[in-house]
Amino acid sequence: MKTIGLRDGLAFDEDRPHAVPVHADAAGRVLRFTLRAGQHLKEHASPGSPVYLLVIEGEGLFAGGDGMEQRLGPGFLAILDPGEAHSVRALDGDLVVVAILHGEPTARPGAVPGTMTS
């Protein structure tokens with residue numbers, strides 16, 4: 001068994017959301033996103049995998065394919081279908097979110113390091 005501390009070594013970028021791959025193998029990948037208050041992950045989608053977003057710390061507004069924002073805090077899980085557009089915005093404080101995806105990561109043309117690459 002392997003264990004990973006999802007709160008260990010948290011790092012934030014003052015200019016944009018910060019992304020760190022926590023684990024990746026052929027079965028899937030886990031990414032941790034840290035956002036300062038007011039930062040957001042622009043709407044995007046992961047066509048090849050469902051996306052599971054688990055809030056570890058803070059509160060944010062999460063929008064799925066219907067565009068309706070929901071306020072989620074620690075312990076909440078957002079479940080998105082493959083290809084479903086989604087976005088995240090940190091509210092008044094720091095936000096830590098873990099994204100879990102199926103399958104190996106694929107390179108996307110124009111992907112920007114430190115942004116959500118689901």
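Predicted model: local features only at pLDDT ≥ 70, side-chain atom pairs only at ≥ 80, totals over all residues.
Student: What does the chain average in pLDDT?
Tutor: The average is 89, and 87% of the residues score at least 70. pLDDT is the predictor's confidence in each residue, from 0 to 100.

Student: Where does pLDDT stay under 50?
Tutor: That is the case over residues 107-118. For this stretch the model has 27 contacts beyond four places in sequence, a contact being heavy atoms within 4.5 Å.

Student: Turning to the sheets, in what order do the 5 strands stand?
Tutor: They form an open sheet in the order 1-2-9-4-7, with antiparallel pairing. Strand 1 and strand 7 are its edge strands, each pairing on one side only. Strands are DSSP runs (E, at least two residues; helices are H or I, at least four), numbered from the N terminus. Two strands pair if DSSP finds at least two bridges between them.

Student: How many bridges join strand 1 to strand 2?
Tutor: There are 7, and the two strands run antiparallel. A hairpin through 2 residues joins them, and Val 20 stands opposite Arg 32 of strand 2.

Student: And over how many bridges do strand 2 and strand 9 pair?
Tutor: They pair over 8 bridges, again in the antiparallel sense. Val 30 has Ile 100 of strand 9 as its bridge partner, and Arg 32 has Val 98.

Student: Why is strand 2 described as largely enclosed?
Tutor: Because 8 of its 8 residues are buried, strand 2 is largely enclosed by the rest of the structure. Buried means under 20% relative accessible area, exposed means over 50%, and partly exposed lies in between (1.4 Å probe, protein chains only). Gly 28, Val 30, Arg 32 and Thr 34 point one way, whereas Arg 29, Leu 31, Phe 33 and Leu 35 point the other way.

Student: Is Thr 34 buried or exposed?
Tutor: Thr 34 counts as buried, at 1% relative accessibility. A polar atom of its side chain lies 2.4 Å from the backbone oxygen of Ala 11. Not counting residues up to four places away in sequence, Thr 34 touches several others, including Pro 17, His 18 and Gln 39.

Student: What about the largest nonpolar core; which residues touch the most other members?
Tutor: Of its 17 residues, these are Phe 33, Leu 35, Leu 53, Phe 62, Val 88, Leu 95 and Ala 99. Strand 9 gives the most to this core, with 4 residues. A nonpolar core is a set of buried Ala, Val, Leu, Ile, Met, Phe, Trp, Tyr and Cys residues joined through side-chain atoms within 4.5 Å.

Student: Which residues is Phe 62 in contact with?
Tutor: Leaving aside neighbours within four places in sequence, they include Leu 53, Met 68, Val 88 and Leu 95.

Student: Finally, in what order do the 4 strands of the open sheet stand?
Tutor: The order is 3-8-5-6, and the pairing is antiparallel. Strand 3 (40-44) and strand 6 (69-72) stand at the edges with a single partner strand each, so one side of each is left without a neighbour in the sheet. Strand 3 is joined to strand 8 by 3 bridges, and His 44 has His 86 of strand 8 as its bridge partner.

Technical notes:
Residues numbered from 1 in each chain as written. Heavy atoms only, no water. Polar contact = N/O pair within 3.5 Å; in protein donor to acceptor, adjacent residues only side chain to side chain.
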